[in-house]
Amino acid sequence: MLLLGNFLYVSVLLVNAIAILSEDRFLARINLSSASYDPAFGAGPDSQSVKAKVVNLIASVRTLMRIPLIAINTLIISYELVLG
């Protein structure tokens, strides 16, 4: 049970880290924001490249996990406060 709890904490922390990345400040500097992603001249948007997949993953996590993360973080914080 201890292993599953630690795995849950690590996975929630990693999703939190992806969700709070600032698109303007951080992701644009390393060319991973969806606005700054620009494939090579004349090439269409390549959905098979690793960079395109990472950009799509970050955008989808930031969009879809915002509300569930609030609930999950609230549950984890209340659990830690009550049961220590």
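These are my notebook entries on what I looked up in this structure.

**Ground rules.** I am working with a predicted model, in which local features need pLDDT of at least 70 and side-chain atom pairs count only at pLDDT 80 or more, while totals for chains, interfaces and linings use all residues. Residues are numbered from 1 along each chain as its sequence is written, and side-chain values use heavy atoms, with hydrogens and water left out.

**The chain.** The order of the elements from the N terminus is α-α-α-α. I then noted that 14% of the 84 residues are buried, a term that stands for under 20% relative accessible area, with exposed for over 50% and partly exposed for what lies in between (1.4 Å probe, protein chains only). Of the contacts with a separation of 6 or more, 52% join residues 24 or more positions apart; a contact here means heavy atoms within 4.5 Å.

**Helix α3.** I found that helix α3 covers residues 50-64, and that its 15 residues reach 21 Å from the first C-alpha to the last, close to the 21 Å expected, the expected span being 1.5 Å times one less than the number of residues. Its buried residues are Ala52, Val55, Ile58, Val61 and Arg62, and their cover includes α1 (2-19), α2 (23-27) and α4 (66-83).

**Arg62.** I went back to Arg62, in helix α3, which counts as buried because its relative accessibility is 17%. Not counting residues up to four places away in sequence, Arg62 touches Ile18, Ala19, Leu21, Glu23 and Leu27.

In helix α1 I looked up Asn16, which is buried because its relative accessibility is 17%; leaving aside neighbours within four places in sequence, Asn16 is in contact with Leu69 and Asn73. Leu8 also lies in helix α1, but I noted Leu8 as partly exposed, since its relative accessible area is 44%. The C-alpha atoms of Leu8 and Ile76 are 9.9 Å apart, although 68 residues separate the two in sequence.

**Ile77.** My last entry concerns Ile77 in helix α4, which I recorded as exposed because its relative accessibility is 51%.

How values were computed:
Helix = DSSP H or I, 4+ residues; strand = E, 2+ residues; numbered from the N terminus.
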